[in-house]
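Q: I have just opened this one and would like to go through it with you. Could you take me through it piece by piece?

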Amino acid sequence: MRTLYALLVGGVLVLSSCSPQLTTFTEDLYESYKWSDEDLKKVQFYLSDDLVIYRDLEKDAGVEIARGEIKVVDGKKVEQIRFKAGTPGVYLFKPKDDNFAISFENGDETHYLVFGPNPKYSGRYMLLASEWDRRRGKVSYAGEKFYTTSAVVPRLLVDLKKTGYRKTESRTVGGRRIE
């Protein structure tokens, strides 16, 4: 019985050591590493929290549904796209200086969300919207305007161990003698 318990505890430790240790991506982290666009394309980003974006579909407007699902809410047709916490994403480009376009879908490069540093939250990279009304934001996704529904504003996370980028500055001093 003790052997089984030891194996179980050992297995849990091994599995937990292999799982990513995600850290919030911040402005300080970005500035300290001075990553270029090519470096950022090698970093695996993750979404911190569940996110749902939706848009109303107009009747008989010939609206194209990308990859979302159709729901009827209060008698209206709504396209809804879900992003689960921990969803991996990749950097595409910078729409503005410190803002990142992050794609969580394979394929079309227009399917991205924009994240940027929020000074109110220690420079954490958070979902950006053109307008905010409490927790509801208006975002652009695949060239369309969507609204967000989320209990919290999602942040970008990274696994620092897996970034594969290390910058070390060192020097050797020669000593100093009395003259």
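A: In this predicted model, both faces of strand 13 (residues 156-159) are covered, since Leu156 and Val158 on one side and Leu157 and Asp159 on the other are all buried. Buried means under 20% relative accessible area, exposed means over 50%, and partly exposed lies in between, with a 1.4 Å probe and protein chains only. Strands (E, at least two residues) and helices (H or I, at least four) are DSSP runs, numbered from the N terminus.

Q: What ground rules apply to the numbers?
A: Residues are numbered from 1 along each chain as its sequence is written, and side-chain values use heavy atoms, with hydrogens and water left out. As this is a predicted model, local features need pLDDT of at least 70 and side-chain atom pairs count only at pLDDT 80 or more, while totals for chains, interfaces and linings use all residues.

Q: Which strands pair with strand 13?
A: Strand 1 (residues 22-24) pairs with strand 13 in the antiparallel sense over three bridges, and strand 2 (residues 45-47) also pairs with strand 13 in the antiparallel sense over three bridges. Two strands count as paired if DSSP finds at least two bridges between them. Leu157 is the bridge partner of Thr24 and also of Tyr46, while Thr23 stands opposite Val158.

Q: What is the strand order in the open sheet?
A: The open sheet has seven strands in the order 1-13-2-6-7-8-9, with antiparallel pairing. Strand 1 and strand 9 stand at the edges with a single partner strand each, so one side of each is left without a neighbour in the sheet. From one strand to the next, the twist averages 45°, where axes are lines fitted to C-alpha atoms, for helices over the stretch in contact, and angles run from 0 to 180 degrees between N-to-C directions.

Q: And the largest nonpolar core, which residues touch the most other members?
A: Of its 27 residues, those are Phe25, Phe45, Phe83, Phe100, Leu113, Phe115 and Leu156, and strand 9 (residues 124-127) gives the most to this core, with three residues. A nonpolar core is a set of buried Ala, Val, Leu, Ile, Met, Phe, Trp, Tyr and Cys residues joined through side-chain atoms within 4.5 Å.

Q: What does Phe25 touch?
A: Leaving out residues up to four places away in sequence, Phe25 touches several residues, among them Trp35, Phe45, Phe100, Tyr125 and Leu156. Contact here means heavy atoms within 4.5 Å.

Q: Changing topic, is Asn99 buried or exposed?
A: Asn99 is buried, with a relative accessible area of 15%, and its place is in the loop between strand 6 (88-93) and strand 7 (100-103). Beyond its neighbours within four places in sequence, Asn99 is in contact with residues including Phe93, Val114, Phe115 and Leu128.

Q: What about phi at Lys34?
A: Phi of Lys34 is near 50°, a positive value in a residue other than glycine. Most residues other than glycine have a negative phi. Lys34 is found in the loop between helix 2 (27-33) and helix 3 (37-40), and at 59% relative accessibility Lys34 counts as exposed.

Q: Last one, what pLDDT does the chain average?
A: The chain averages a pLDDT of 80, and 75% of the residues score at least 70; pLDDT is the predictor's confidence in each residue, from 0 to 100. Over residues 4-17 the pLDDT is below 50. Where pLDDT is low, the predicted coordinates should not be read in detail.
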